[in-house]
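Hi there,

Here is the structure I promised to send over. Have a look at it first, and then read on for what turned up.

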Amino acid sequence: MQGEALIDLSNVRKEFESVTAVDGVSFTIERGEFFSLVGPSGCGKTTTLRMISGFEASTDGTVFLDGVDMTGVPPDARDTNLVFQHLSLFPHMTVGENVGYGLKKEGVDANERDERVTRYLELVDLGGYKERNPAELSGGQQQRVALARALVNEPSVLLLDEPLSSLDRKLRKQMQVELRKIHEKTQGAFFYVTHDQEVAMTLSDRMAVMNEGRIEQIGTPEDIYRNPASPFVANFIGDTNLFEGRARTENGATTIDLGDGSFSFRYDEEISDGSVIVSIRPEDFSIANTDGMLEGTIVERYFQGDQTNYTVEADSDSLPDVRVVIQGRDTPVSRGERAAFDVQPRAPVVFEQDVPESRSSPSTPTN
Ligand SMILES: Nc1ncnc2c1ncn2[C@@H]1O[C@H](COP(=O)(O)OP(=O)(O)O)[C@@H](O)[C@H]1O
Ligand SMILES: [Mg+2]
């Protein structure tokens, strides 16, 4: 089994009576990886996680853990542990008893239990809290107790389902940093489910972007941000502008026309003539001195210190409003003013529409 992935989902499906919650999902996670499954609410993330944990049986396909087919293996016989959004610490037990509860049930003797509880409470930075009651702790501290409880029996795989979403924004940021540190101190794989693309980008070694029961792309956060595989991914991961347009090639040179063609650019990759969707990130625009590629009027302007966000109403009615981010403290244009913008070469990502079945839709390289 050497070299096998720790988690391996092969074409896994889950159908409930009337919905296909998970529609043929495949991915592998290596030992030690922090892997996130990210997508909008209802896309099938929790169902996927529950099939890994064994709380849900797949309708089709196979879950392998450490090379072993898990079909029919109950949750408590799998080398996985779960942390949920709504933690459920026992209120009548101390923090230490909460963390040690599973070990006690397994029959681990008191000395070893105590040693491990102490070690894992220290790991989550709650060394002095063993004798406290859960009610005396803050939300973030309680969440760390839940983590210690899930880690204490040293599972190969920790499954986390939106564990930070009940925390306020500031605490959530702190806990992200802590989670990453805790992951680095353990040798296991973390499988993290979230609808929050910012959290997934911050935490993950690799992530899978899910939409309507399917995986649209798997890769590092950088890969996915730079080379999104579909308009959905471009829009869901990070902020972008999506335009409808057409590709046309004349004398060997391809031009992409957006809207009625008043905004167009040269395109150096091979593409068939026809309809396209184009993604251009706000930070890929720059202010042009004279005539730029895109001209319009600034209708919104938010100064944010190190950058300024603009909304530009394009002169052409055939174009949507465009979001532009200009780095630096200078704010060369004000609200109500006209401005011209250029786009960094090679920044636009072009998706062919209505492509023949034999060709894949993204024309940028992806994994
Ligand atoms: N036990 C169930 N019975 C019927 N439908 C379910 C059940 N669990 C989830 N679903 C449906 O499956 C889809 C995916 O749900 P879920 O995996 O919870 O999504 P997510 O975690 O991404 O929000 C949704 O349409 C949801 O309503
Ligand atoms: Mg869910």
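L9 stands opposite V63 in strand β4. That pair belongs to an antiparallel arrangement in which strand β1 (residues 7-15) and β4 (residues 60-65) are joined over 5 bridges. β4 also has strand β5 (residues 68-69) as a partner, again antiparallel, with 2 bridges between them. β4 and β5 make a hairpin with 2 residues between the strands, and D66 in the turn shows a positive phi of about 50 degrees.

Before going further, please keep in mind that this is a predicted model. The mean pLDDT of the protein chain is 91, and 96% of its residues reach 70 or more. The stretch to treat with care is 358-367, where the pLDDT is below 50; beyond near neighbours in sequence, it still has 19 contacts in the model.

Now the overall layout. The protein chain has 8 helices and 20 strands, and its C-alpha trace spans about 75 × 50 × 40 Å along the principal axes. Of its 367 residues, 38% count as buried. Among contacts with a separation of 6 or more, 66% come from residues 24 or more positions apart.

The chain is divided into domain 1, covering 7-231, and domain 2, covering 239-352. Their C-alpha centres lie 40 Å apart. Where the two domains touch, domain 1 supplies 4 residues and domain 2 supplies 5. On the domain 1 side, the residues in this contact are 2 nonpolar and 2 polar, with no charged ones.

β6 pairs in the parallel sense with strand β7 (residues 157-161), over 4 bridges. Within that pairing, T80 has V157 of β7 as its bridge partner.

Why does N81 count as buried? The reason is that 22 other C-beta atoms lie within 10 Å of its own, and the cut-off for a buried residue is 20 or more. Leaving aside neighbours within four places in sequence, N81 is in contact with A150, N153, P155, L158 and L159. The C-alpha atoms of N81 and R149 are separated by 9.2 Å, although these residues are 68 positions apart along the chain.

Moving on to helix α2 (residues 95-106), its buried residues are V95, G96, N98, V99, G100 and L103. What covers them includes α3 (110-123) and α4 (139-151). Just after α2 comes G107, with a positive phi of about 85 degrees.

E154 takes a value of about 50 degrees and is found in the loop between α4 and β7.

N251 has 4 C-beta neighbours inside 10 Å, so it counts as exposed.

I would be glad to hear what you make of it.

Best wishes

Note on methods. Residues numbered from 1 in each chain as written. Chains lettered and ligands numbered in written order. Predicted model: local features only at pLDDT ≥ 70, side-chain atom pairs only at ≥ 80, totals over all residues. Domains from an automatic or database assignment. Contact = placed C-beta atoms within 7 Å. Nonpolar A, V, L, I, M, F, W, Y, C, P; charged D, E, K, R; others polar. pLDDT = per-residue confidence, 0-100. Pairing = 2+ DSSP bridges. Buried ≥ 20, exposed ≤ 12 C-beta atoms within 10 Å, placed from the backbone.
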